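Here's a quick briefing on a single protein chain. Have the model open as you read, and follow along strand by strand.

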Amino acid sequence: MNDYLDFEQPVVQLEAKITELRKVTGDNRVDISQEIKQLEQKRNKLVQNIYAQLSPWQITQLARHPQRPYTLDYIKALFTDFEELHGDRHYADDAAIVVGLARFNGQPLAVIGHQKGRDVQEKVKRNFGMCKPEGYRKARRIFELASRFRLPICTFIDTPGAYPGIDAEERNQSEAIASNLKSLINLPVPIICTVIGEGGSGGALAIGVGDYLIMLQYSIYSVISPEGCASILWKDAKQADLAAKALKLTADELRTLNLIDEVVEEENGGVHRSFEQTHTKLAKVLHAQLDRLTQLSTEQLLQARYKKWSDIGYFKSV
């Protein structure tokens, strides 16, 4: 069953009618395949029209869709021989982030990504994809492992942000994130980062500093959530739609600002409806960029990465 968002309600009636007609096709005496085909075409056109004019807030809702594929879904679809690793060797294992070794088209690499939960039990276990310091230290352990064995790194970003609880602060959340940023900028191996859902603040950036940054079409990347921004600016989280527009957090807006490198299109109303088509497109991008980056020398790789991140933003003298 699909979980429909508010702006998708016009599609609900059509899909309900299509479902009813498909049940009728079980009766061989009735041929209504043409009617079903016409309704499907009408449904597809309606979805296309709705998605052609989504607001930043509606895209934010899509990025958080409960049926949207998570990191483990991409790992299963894109990689082979995945072996998950656990623990930060200091405190604990954080289930909010998944790390391990795998192969992509036969090439060994390291994979790291945030992981949200599907049901209530898993959401609690994975802390809704919000890492504590041990999660970021686990990621850094894999960064260092990849560096030692000269393995490329693929990261998948999908988090509302780093966990802001007291226990995380007690274990030095800010230091864990800062150490990851320092580690990533100096790693002598290719790093490709993909935003697959939410990219929230330092929690996303802690595994998001790389050589090539990809975003799925209906993902978001921002320094703060729209609700958090609205609470600060307007003292009202209900103004999140205004905040989303002001934050310029969509993939197309960030590509225009040269903050990301490529947008992977999502078909048929989002990746939760077209996962196979979307991950196939993503695989082609990953293949092309891994080929390109692995041909660079370590010096060229580090120089290009430093320039990429130091060129972000600009200063204006007054």
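V111 has C154 of strand β4 as its bridge partner. That link belongs to the parallel pairing of β3 and β4, which runs over four bridges (two strands pair if DSSP finds at least two bridges between them). Keep in mind that this is a predicted model, where local features need pLDDT of at least 70, side-chain atom pairs count only at pLDDT 80 or more, and totals for chains, interfaces and linings use all residues. Residues are numbered from 1 along each chain as its sequence is written, and side-chain values use heavy atoms, with hydrogens and water left out.

- Helices (H or I, at least four residues) and strands (E, at least two) are DSSP runs, numbered from the N terminus.

- Where does β2 sit, enclosed or open? Six of the eight residues of β2 (residues 97-104) are buried, so this strand is largely enclosed by the rest of the structure.
- β2 pairs with β1 (residues 80-85) in the antiparallel sense, over four bridges.
- V99 stands opposite I112 of β3.
- The hairpin of β2 and β3 has two residues between the strands, and N105 there takes a positive phi near 55°.

- Most residues other than glycine have a negative phi, and most peptide bonds are trans.
- D81 is part of strand β1 and is exposed, at a relative accessible area of 56%.
- N258 isn't a glycine either, yet its phi is positive at about 60°.
- N258 lies in the loop between α12 (251-256) and β8 (262-264), and is exposed with a relative accessible area of 58%.

- L216 is in strand β6 (residues 212-216) and is buried, with a relative accessible area of 0%.
- Which residues does L216 touch? Leaving out residues up to four places away in sequence, the list is R68, Y74, V195, I196, A251, V263, V264, E266 and T278 (contact means heavy atoms within 4.5 Å).
- Y74 and L216 are 142 residues apart in sequence, while their C-alpha atoms are 12 Å apart in space.
- P10 is in helix α1 (residues 9-24) and is partly exposed, with a relative accessible area of 47%.
- Beyond its neighbours within four places in sequence, P10 is in contact with L46 and I50.
- From P10 to P190 is 180 residues in sequence and 44 Å in space, C-alpha to C-alpha.

**The whole chain**

- The secondary structure comes to 14 helices and eight strands.
- The radius of gyration is 21 Å, close to the 20 Å that the globule rule gives for 318 residues, so the chain is as compact as a globular protein of that length (the radius is taken over C-alpha atoms, and the rule is 2.2 Å times the number of residues to the power 0.38).
- The C-alpha trace spans about 70 × 50 × 45 Å along its principal axes.
- Of the 318 residues, 47% count as buried.
- Among contacts between residues at least 6 apart in sequence, 70% join residues at least 24 apart.

Technical notes: Buried means under 20% relative accessible area, exposed over 50%, partly exposed in between (1.4 Å probe, protein chains only).
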